[in-house]
Amino acid sequence: MATAKIKKGDTVKVIAGKDKGKEGKVISVSDGRVVVEGVNTVVKHAKASQANPQGGIIHKDAPIDASNVMYVHKGKATRIGFTTVDGKDGKPKKVRVAKSTGEVID
């Protein structure tokens with residue numbers, strides 16, 4: 001599997017869809033889809049259960065495609081590339097790089 005360009009904890013900006021322009025923190029990433037805090041909020045009607053005895057209406061963030069978000073670096077949305085740098089033990093390490101500035105992200 002290829003290395004993901006968007007990871008949990010990243011700040012991203014939505015570039016397509018009904019929430020276009022919103023920014024938020026990535027809560028989870030799986031199978032090319034991301035859940036972003038405060039983006040793509042859906043209403044779910046929950047039946048009363050042991051875990052939720054009251055039941056009722058629940059608002060939760062639904063996943064959106066990773067292609068619809070861009071990483072935010074220094075306040076601006078940027079594309080992400082990859083490069084290799086020397087690691088601690090001399091082995092090359094693959095790192096993410098902001099395309100706009102060329103700076104290493106992690």
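Student: In which strand does T78 lie?
Tutor: The model is predicted, and its strands are numbered from the N terminus. T78 falls within residues 76-78. That stretch is strand β8.

Student: Is T78 buried or exposed?
Tutor: The cut-off for a buried residue is under 20% relative accessible area. The relative accessibility of T78 is 4%, so T78 counts as buried.

Student: With which side chain does the side chain of T78 make a polar contact?
Tutor: Not counting residues up to four places away in sequence, T78 touches M70, Y71 and H73, as well as A98, K99 and S100. A polar contact at 3.1 Å links the side chain of T78 to the side chain of one of these residues, S100.

Student: What is the order of the strands in the open sheet of six strands?
Tutor: Strands of a sheet pair through backbone hydrogen bonds, either parallel or antiparallel. In this open sheet the pairing is antiparallel, and the order is β6-β3-β2-β1-β7-β8.

Student: Which strands stand at the edges, each with a single partner strand?
Tutor: An edge strand has one side left without a neighbour in the sheet, because it has a single partner strand. This applies to β6, residues 64-65, and to β8.

Student: Which residue in β6 does R33 stand opposite?
Tutor: Strand β3 covers residues 33-36 and pairs with β6 in the antiparallel sense, over two bridges. Across this pairing, R33 stands opposite D65.

Student: Which residue is the bridge partner of V26 in β3?
Tutor: Strands β2 and β3 run antiparallel and are joined by four bridges. Their hairpin has two residues between the strands, and D31 there takes a positive phi near 55°. The bridge partner of V26 is V36.

Student: Which residue in β2 does T11 stand opposite?
Tutor: Strand β1, residues 11-14, runs antiparallel to β2, and three bridges join the two. T11 stands opposite K25.

Student: What distance separates the C-alpha atoms of V69 and K13?
Tutor: V69 is found in strand β7, which covers residues 69-73. Leaving aside neighbours within four places in sequence, the contacts of V69 include V12, K13, V14 and I15. V69 and K13 are 56 residues apart along the chain, yet their C-alpha atoms are separated by 5.4 Å.

Student: Is V69 buried or exposed?
Tutor: V69 is also in contact with I6, V34, V36 and I64. Its relative accessibility is 6%, and therefore V69 counts as buried.

Student: Which strand gives the most to the lining of the largest pocket?
Tutor: The largest pocket is lined by 20 residues. Strands β2, residues 23-30, and β7 each supply at least two residues of this lining. With three residues, the strand that gives the most is β7.

Student: How many nonpolar residues does the lining of the largest pocket have?
Tutor: About 390 Å³ of space lies in this pocket, and T3, A4, K5, I6 and A66 are the lining residues nearest its centre. By class, the lining has four charged and five polar residues, and the number of nonpolar residues is 11.

Student: Is N40 buried or exposed?
Tutor: N40 lies in the loop between β3 and β4, the latter being residues 41-46. Not counting residues up to four places away in sequence, N40 touches K18, D19, K60, D61, A62, P63 and I64. At 16% relative accessibility, which is under the 20% cut-off, N40 counts as buried.

Note on methods: Residues numbered from 1 in each chain as written. Predicted model: local features only at pLDDT ≥ 70, side-chain atom pairs only at ≥ 80, totals over all residues. Heavy atoms only, no water. Buried < 20%, exposed > 50% of the residue type's maximum accessible area, 1.4 Å probe, protein only. Contact = heavy atoms within 4.5 Å. Polar contact = N/O pair within 3.5 Å; in protein donor to acceptor, adjacent residues only side chain to side chain. Pairing = 2+ DSSP bridges. 1 Å grid on protein atoms, 1.4 Å probe; cavity = no way out; pocket = protein on both sides within 12 Å on 5 of 7 lines; lining within 4 Å. Points joined across faces, edges and corners; volume = space filled by probe spheres on them. Nonpolar A, V, L, I, M, F, W, Y, C, P; charged D, E, K, R; others polar.
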